[in-house]
Amino acid sequence: MPVPDDRKQQPKTTADAKIPGAYEGETVTRRRFMTASAHTAGGIATAAFTLPALGMAFGPVFEKEQVRWEAVGPTEDFPDDTYIPRTITLSPGIGEVGKSTVYVRRYNDTIDSEVKDEYNDYVAITSRCMHLGCPVRYVEASERFICPCHGGVYDREGKVSGGPPVRPLDRFYTRVRDGIVEVGPRYSLNSELRRFSPRDPGQAIDGVGQYLYPSRPSIRKLPGT
Ligand code: FES
């Protein structure tokens with residue numbers, strides 16, 4: 001006598017399974033369908049809020065900055081034993097707020113310890129303090145850059161000689177075109193005046209500092225950085 005095979009009675013696939021109250025052809029329970037729909041809608045809503053915010057936060061980091069050169073005067077305007085202040089535009093299109101003072105002089109073998117190359121025939125030093133960014137002033141009588149905010153003092157090369165600044169004053173690449181000195185991109189230096197891509201005030205470069213405060217990928221590198 002043949003033994004009944006119960007397995008023949010079992011549905012073979014989910015499609016064959018009869019869902020209570022389901023219409024013909026339904027393969028997913030309504031509860032599961034609603035849950036999946038709610039999760040999908042939640043994911044879309046979350047992405048709609050977070051993606052633009054992330055784009056605004058990280059977009060500028062990867063935006064390439066244009067290399068700009070700005071004329072600051074004829075070569076004969078700049079001696080090699082003191083600085084001449086000039087105003088340059090750091091951020092175009094925002095008026096006076098985007099301007100800053102830069103101190104310029106000719107490279108002097110008896111003063112300068114930065115390695116000489118084609119980009120520093122003229123030394124251009126920022127007026128932005130490397131502690132918190134206050135404007136420093138060059139005092140010719142003492143041959144020092146003085147910061148009025150917290151007593152930061154730099155020697156005439158811009159190296160820190162006192163106070164809280166964490167690195168020498170930043171510099172700008174310079175070049176001469178048709179007898180005119182032009183100031184280009186900014187760069188930072190460690191205490192030995194070795195060049196690095198520009199960092200913000202308060203970011204040390206010596207030792208592990210160069211790894212703690214890496215340069216931004218957007219910054220174009222010139223030789224020597
Ligand atoms: S901002 Fe210059 S010493 Fe603090």
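Predicted model: local features only at pLDDT ≥ 70, side-chain atom pairs only at ≥ 80, totals over all residues.
Select Arg106 and Tyr122: Arg106 stands opposite Tyr122 in E4.

**Stop 1: the strands around E3**

Keep E3 and E4 on screen. They pair in the antiparallel sense over five bridges. Strands of a sheet pair through backbone hydrogen bonds, either parallel or antiparallel.

**Stop 2: the open sheet**

Next, select E5, E6, E7 and E8. These four strands form an open sheet in the order E5-E6-E7-E8, with antiparallel pairing. Which strands stand at the edges? They are E5 (137–139) and E8; each has a single partner strand, so one side of each is left without a neighbour in the sheet.

Zoom in on E5 and E6. Three bridges join this antiparallel pair. Pick Val139 and find its bridge partner in E6, Arg144.

**Stop 3: aromatic pairs**

Show the rings of Phe, Tyr and Trp. How many aromatic pairs does the structure hold? There are 10.

Begin with Trp69 and Tyr119. Their ring centres are 6.4 Å apart and their planes stand at 20°, so the pair is stacked. Trp69 is in the loop between helix H1 (30–62) and strand E1 (70–74), and Tyr119 is in the loop between strand E3 (99–106) and strand E4 (122–126), so the pair ties together parts that are 50 residues apart in sequence. Trp69 counts as partly exposed, at 23% relative accessibility. Tyr119 is buried, at a relative accessible area of 16%.

Move to Tyr103 and Phe145. Is this pair stacked or edge-to-face? The ring centres are 5.5 Å apart and the planes at 75°, so the pair is edge-to-face. Tyr103 belongs to strand E3 and Phe145 to strand E6 (residues 144–146), so the pair ties together parts 42 residues apart in sequence. Both Tyr103 and Phe145 are buried.

The four form one aromatic cluster. For another charge over a ring, select Lys116 and Tyr107. The charged end of Lys116 sits over the ring of Tyr107, 5.4 Å from its centre.

**Stop 4: two nonpolar cores**

Select Tyr83, Ile125, Val136, Phe145, Tyr154 and Leu169. These residues touch the most other members of the largest nonpolar core, which has 14 residues. Centre on Leu169. Beyond its neighbours within four places in sequence, Leu169 is in contact with residues including Ile125, Cys129, Met130, Val136, Phe145, Tyr154 and Leu189. Another core, of 10 residues, lies apart from this one; among its members are Phe78, Ile88, Val102 and Val104.

**Stop 5**

Select Glu157, in the loop between strand E7 (153–154) and strand E8 (160–162). Is Glu157 buried or exposed? Its relative accessible area is 7%, so Glu157 is buried. Residues up to four places away in sequence aside, Glu157 touches Tyr83, Arg105, Ile111, Asp112, Ser113, Glu114, Ile125, Arg171 and Leu193. Look closely at Ser113. Its backbone nitrogen lies 2.7 Å from a polar atom of the Glu157 side chain.

Now jump to Asp170, in the loop between E8 and strand E9 (171–177). Asp170 is buried, with a relative accessible area of 0%. Among the residues it touches, not counting those up to four places away in sequence, are Arg186, Tyr187, Ser188, Leu189 and Arg199.

**Stop 6: Val181**

Finish in strand E10 (residues 180–189) by selecting Val181. Val181 is buried, at 0% relative accessible area. What does Val181 touch, not counting residues up to four places away in sequence? Its contacts are Glu70, Ala71, Val72, Gly73, Pro74, Thr75, Phe78, Tyr122, Arg175 and Val176. Pick Phe78 from that list. The C-alpha atoms of Val181 and Phe78 are separated by 9.1 Å, although the residues are 103 apart along the chain.

How values were computed:
Residues numbered from 1 in each chain as written. Heavy atoms only, no water. Phe/Tyr/Trp six-rings, centres within 6.5 Å; stacked < 30°, edge-to-face > 60°. Helix = DSSP H or I, 4+ residues; strand = E, 2+ residues; numbered from the N terminus. Buried < 20%, exposed > 50% of the residue type's maximum accessible area, 1.4 Å probe, protein only. Lys NZ or Arg CZ within 6 Å of the ring centre and 35° of its normal. Core = buried A, V, L, I, M, F, W, Y, C linked by side-chain atoms within 4.5 Å. Contact = heavy atoms within 4.5 Å. Polar contact = N/O pair within 3.5 Å; in protein donor to acceptor, adjacent residues only side chain to side chain. Pairing = 2+ DSSP bridges.
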